[in-house]
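Student: I would like to learn how to read features from a model. Please go through them one at a time.

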Amino acid sequence: QATNDDPASWKAAVPGVKHVIAVASGKGGVGKSTVSANLAVALSKLGYRVGLLDLDIYGPSMALMFGTKERPGANDNDEFLPIEAHGIKLLSLGLMIEEDSPVAVRGPLATRYVQQFLRNVEWGGLDFLILDLPPGTGDIQLTIVQTVELAGAVIVTTPQEVALIDARKAIGLFKKVETPILGVVENMSYFLCPSDGKKYFIFGEGGGRKEADKLGVPLLGQIPLDVDTRTCGDEGHPVALEDPAANPVSAAFREVAEA
Ligand code: ADP
């Protein structure tokens, strides 16, 4: 009997989507969701049709970042219909699972939803689907890398050694399944002090660049620690919606999207 043990052959495309990009990090709180949201917005500003699938069950913040509480509907074929916010088609585990339900309940539900989100969504034709993965290398990440045909992965890290150590593990996961690493985004790279105009490297300097060089992948961008980036995120208006000519952080995300 013929068997096929090559994991690569199990991977399937997401219906209606040209390129699926996973955004991953080793640990939580490094700004992976912020980067996913702003990368999605920046790509859409470049004229692409973009969807964003928030699979981060531990910190499902995408609904907040896009300023919506709308629940996704379904079409006649029982496929999910993503909601639309700021020109992005959005589906979020956070919109399906109560935030305060315990992880023990959320876990199995999440795995079921992930399967459905990957196969059973009417995206309506997308150039890019951004997957905001949970941090680390758990079940959801494994399911994704083994079953989805990914164009590549973007790794988000801060310049801090503890973040880099965990980022390496995430990178290892993608390498194992031969998913290309598109590059590293270093977030919270420095704080640009408004009063003296100097850069302060709060989490250390150059960690993202060193890691990218070691891997032989591009450093896609260095995003400063910035109050507007946080407030825009909290207020449902990603900073990448701002005019890049007037907002340096929006410009930095635009560069990541162009890369
Ligand atoms: P993760 O998805 O890695 O857990 P988030 O994107 O949720 O991280 O970010 C964690 C917190 O840090 C959020 O409150 C977010 O607004 C904030 N944050 C992320 N990146 C920046 C930045 N460059 N400047 C300021 N605040 C940021």
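Student: Where does His86 lie?

Tutor: Note that this is a predicted model. His86 sits in the loop between β5 (83-85) and β6 (88-92). Its phi is near 50 degrees, a positive value in a residue other than glycine.

Student: Is His86 buried or exposed?

Tutor: A residue is called buried if 20 or more other C-beta atoms lie within 10 Å of its own, and exposed if 12 or fewer do. His86 has 20 such atoms, so it is buried.

Student: Which loop holds Glu178, and what is its phi?

Tutor: Glu178 belongs to the loop between α6 (161-176) and β9 (181-192). Its phi is positive, about 60 degrees, although Glu178 is not a glycine. Glu178 counts as exposed because it has 11 C-beta neighbours inside 10 Å.

Student: Which residues does the "binding site" annotation cover?

Tutor: The unreviewed UniProt entry lists Gly26, Lys27, Gly28, Gly29, Val30, Gly31, Lys32 and Ser33. Such annotations may be inferred rather than shown by experiment. Among them, Gly29 is in the loop between β1 (17-24) and α1 (32-45), and with 12 C-beta neighbours inside 10 Å it counts as exposed. Ser33 lies in helix α1 and is buried, with 28 other C-beta atoms within 10 Å.

Student: What does Asp132 touch?

Tutor: Leaving out residues up to four places away in sequence, its contacts include Lys32, Ser33, Ser36 and Asp54. Asp132 is in strand β7 (residues 126-132) and counts as buried, with 29 C-beta neighbours inside 10 Å. Asp132 and Ser36 are 96 residues apart in sequence, yet their C-alpha atoms are 6.0 Å apart.

How values were computed: Residues numbered from 1 in each chain as written. Predicted model: local features only at pLDDT ≥ 70, side-chain atom pairs only at ≥ 80, totals over all residues. Helix = DSSP H or I, 4+ residues; strand = E, 2+ residues; numbered from the N terminus. Contact = placed C-beta atoms within 7 Å.
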